[in-house]
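Let's take a walk through this model together. Have the sequence and the 3D view ready, and follow along section by section.

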Amino acid sequence: MPAGMADTSPLFSLENVRQARGDAVILRDLSVDIPRTEITALIGPSGSGKTSFLRLLNRLDDPVAGAIRFHGQPIDSYPVAALRRRVGFVFQQPALFAGTVADNLNIAVQLGGPEAQQDPLPIDRVLDAVELSPSFADRDTARLSGGEGQRVSIARALMTRPEVLLLDEPTSALDVEIADRLLRTISRLPAEYGVSVVMVTHRLYEARDMSTWTIMLDSGTVVEAGPTAQLFTAAANERTRAFLAVAK
Amino acid sequence: MIIPHAMLQDAVTPAIGTIAMLQDAATPATGIIDVSWTDLALSFALILVAIGVSRWRSLDLERGFVVGAIRAVVQLVAVGYILVYIFAVDQWWLVLLALAVMLLSATQAASRRARGRKPLRNDRKMLWKISGTSMLVGSGLTLAFVTQVLLRVEPWYEPQYLIPLFGMIVGNAMNATALAAERLASELESQRGQVEAYLALGATPARAAAEPERRAMTAALIPTINGLMTVGLVSLPGMMTGQILAGVSPLLAIRYQIVVMFMLVGATALTTAAVVLWYRRTFFTPAAQLSIRVPV
C-alpha cells in the first residue's frame with residue numbers, strides 16, 4: 001500500500017480458495033472477506049473446514065489454489081515471519097513450551113523481532129490482560145490447568161504485538177464456566193490491545209454473544225457471511241438457518 | 001595402570017589379527033589354532049542345540065535358525081574370499097570400490113529402517129540420499145583422519161586397515177543414522193503442536209525444530225556413549241577379541257580399541273549432525289510450514 005493512502009481494503013480477503021490434503025478436498029471455491037472489525041466468528045458443523053481456513057490466515061498452511069490478501073496485498077508478499085508476528089495464532093490445545101510462564105512470554109518477545117524487543121510489553125500487564133495474577137510468571141507451564149494454559153497462550157501471542165489474533169476453538173477443551181470467563185477476557189482484547197480477533201467456535205452462543213461479524217462454513221465453503229446480529233436473526237441461507245436451528 | 005615400557009615396545013609388531021587370519025586363506029597365522037572345515041561343520045552342532053530349544057519350547061524359530069546359519073556361512077565365506085582377492089590384487093580402486101559397496105549397503109539398510117511406520121511426506125529416495133551422503137561425509141572424514149593422520153598407513157589405501165576400519169565406522173554410523181532419522185520424524189510428528197506454536201510466533205524452522213532435533217541427536221548418540229562407559233567391563237569388543245585371539249598383545253589390542261572407540265564417536269557425531277540438520281529441512285516448506293502428511 002502506498003504511503004499516505006488510507007487502507008480501506010478488508011483485513012483479509014479470500015478468493016476461490018481451494019485446500020486439499022492428498023485426495024481429500026477440505027476447502028473449495030471459498031471466497032469471503034474478513035472485515036476490519038473487532039471479533040469475527042467462524043462457525044459451521046465439524047469437518048466444515050473452519051480450522052483449515054484459520055490456518056491459512058497466518059500461513060501455517062498455504063492453499064493449493066486461490067488468492068488470499070492481507071490488507072489488500074497478496075499474503076505471500078509479506079515475509080512470513082513478519083506476517084506471523086502481526087497475525088498471532090492461538091491453538092485449540094495450548095501448546096506451551098517447557099519452562100515457566102515468563103519463559104514462554106520471553107520466547108515470544110525474542111521471536112517477535114525488533115518491534116517486540118525494543119519496547120517489550122511488561123509481563124505483569126499482559127498477564128493482567130488475560131486475568132492471571134503476576135505470581136503466574138514463575139509457574140511451571142506443566143502445572144497449569146487447561147484454562148490457565150489457554151490464557152498463557154493468548155498472553156504469549158500478545159507479546160509480539162499482533163494486530164490480528166486467530167483463535168482456534170480456544171474454549172473447546174474447557175468447562176463451560178471456565179470457558180465463559182475466558183470468553184469475557186477475549187472480548188476485551190480488541191479494545192485494550194487494538195487487535196482484531198478471528199475466532200473459530202463450535203458453540204453458537206459464543207459467536208452470537210461476542211462477535212460483530214460471522215462467517216458460516218459448510219462442506220469446505222462459505223455459505224453465508226455478515227453482521228452477527230443479522231445472521232443470527234435472519235439468515236438468508238437455508239443451510240445456515242438449519243444449522244442454527246439444530247444447534248440451538 | 002602403569003604399563004611397562006618394554007611390553008608396549010614388543011607389542012607393536014603384529015598387524016591387526018583378524019585380518020591377518022584372512023590374509024592367507026591356506027595357511028593360518030603363526031601361533032593360532034586352525035579352524036578347519038570339519039571344525040566348522042562341528043560348530044553347527046550349536047545351531048542344532050538352538051533348534052532343539054526352539055522345538056522344546058515351541059518357539060517356531062527352527063526355520064529362522066537354519067536360514068540364518070546358512071546365510072551367515074554363505075555371506076562370510078563370500079566376504080572372506082573377496083577380502084583375500086582384494087588383499088592379493090592390492091589396487092587402490094578396488095579398495096575404494098569395496099568401501100563404496102559397504103557404504104551403499106549401509107545406506108540401504110539405514111534408510112529402510114528409518115522410514116518409520118507412519119506415512120510421512122519425506123520419501124524414501126530423499127532419505128536414501130540424505131543418509132548416504134551424511135555417512136559418506138561423516139565416515140569418510142573419520143576414516144581419512146584415522147588412517148592417514150593417525151596410523152599413517154602405507155600405501156594410503158592399504159586394504160588390511162581401510163576395509164575393517166571402515167566397516168566398523170559405517171556400521172555404527174548406520175545405526176546412528178537410522179535412529180536419528182526415525183526419531184526426528186516421530187518427534188516432529190508428536191511435537192507438532194509445539195513446533196507450530198514456534199512457527200506461529202515467527203520462528204524459523206531451525207528454531208521451531210530445535211527440541212526435536214536435540215532429542216533425535218541425543219537418541220542417536222547415547223548408544224555410543226554407553227559403549228564408551230562399559231567397554232572392557234561388560235564385554236571385550238569384537239575387534240580386540242579378534243586381535244587377542246590372533247596373538248596380538250592385549251596392550252596393543254587396547255590401543256587399537258581406544259582409537260577405534262574414539263573413531264566411532266567422531267564418525268557417529270558427524271554423521272548424526274549431518275543427517276538431522278539435513279533431514280529436518282525436508283519437513284518444512286520454504287514458507288516455514290511444517291509439512292508432515294497427517295493420515296486424514
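How many bridges join β1(A) to β4(A), and in which sense do the two strands run? There are five bridges, and the strands run antiparallel. Please keep in mind throughout that this is a predicted model.

## Around strand β1 of chain A

Another positive phi, of about 55°, belongs to His71(A), which is not a glycine. You will find His71(A) in the loop that links β4(A), residues 65-70, with β5(A), residues 73-74. As background, most residues other than glycine have a negative phi.

## The six-stranded sheet of chain A

Chain A also holds an open sheet of six strands with mixed pairing, in the order β6-β7-β8-β3-β9-β10. Its edges are formed by β6(A), residues 87-90, and β10(A), residues 221-227, each of which pairs on one side only. On average, neighbouring strands in this sheet are turned by 15° against each other, direction ignored.

At one end of that order, β9(A), residues 213-218, pairs with β10(A) through six bridges in the antiparallel sense. One pair to pick out is Trp213(A) with its bridge partner Pro227(A) in β10(A). Helix α6(A), residues 146-158, packs on the sheet and touches β6(A) and β7(A), the latter spanning residues 164-168. The direction of α6(A) makes about 165° with that of β6(A).

Now turn to chain B, where the axes of α4(B), residues 62-89, and α7(B), residues 159-190, come within 10 Å and cross at roughly 145°. From α4(B), the contact involves Leu83(B), Ile86(B) and Phe87(B), while α7(B) contributes Pro159(B), Gln160(B) and Ile163(B). Sorted by class, these are five nonpolar residues, one polar and no charged ones.

It is also worth a look at the loop between α6(B), residues 124-150, and α7(B), where Pro155(B) lies. The peptide bond from Glu154(B) to Pro155(B) is cis, with omega near -10°. For context, most peptide bonds are trans.

## Where the two chains meet

How much area do chain B and chain A bury between them? The figure is about 1,700 Å², with 59% of it on carbon and sulfur atoms. Chain B brings 17 residues to the contact and chain A brings 25. On the chain B side, Ala200(B), Leu201(B) and Gln289(B) lose the most area to chain A, together 34% of what that side buries.

The rule finds one salt bridge across this interface. Arg55(A) and Glu196(B) meet in a salt bridge through their side chains, at 2.6 Å from N to O. Helix α8(B), residues 192-200, supplies the largest share of the chain B side, with eight residues. By class, that side divides into 10 nonpolar, four polar and three charged residues. Between the two chains, six residue pairs are in polar contact, counting pairs with both residues at pLDDT 80 or more.

Notes: Residues numbered from 1 in each chain as written. Chains lettered and ligands numbered in written order. Predicted model: local features only at pLDDT ≥ 70, side-chain atom pairs only at ≥ 80, totals over all residues. Heavy atoms only, no water. Pairing = 2+ DSSP bridges. Helix = DSSP H or I, 4+ residues; strand = E, 2+ residues; numbered from the N terminus. Axes fitted to C-alpha atoms, helices over the stretch in contact; angles between N-to-C directions. Contact = heavy atoms within 4.5 Å. Buried area = accessible area lost by both parts, 1.4 Å probe. Salt bridge = Lys/Arg side-chain N within 4 Å of Asp/Glu carboxyl O. Polar contact = N/O pair within 3.5 Å; in protein donor to acceptor, adjacent residues only side chain to side chain. Nonpolar A, V, L, I, M, F, W, Y, C, P; charged D, E, K, R; others polar.
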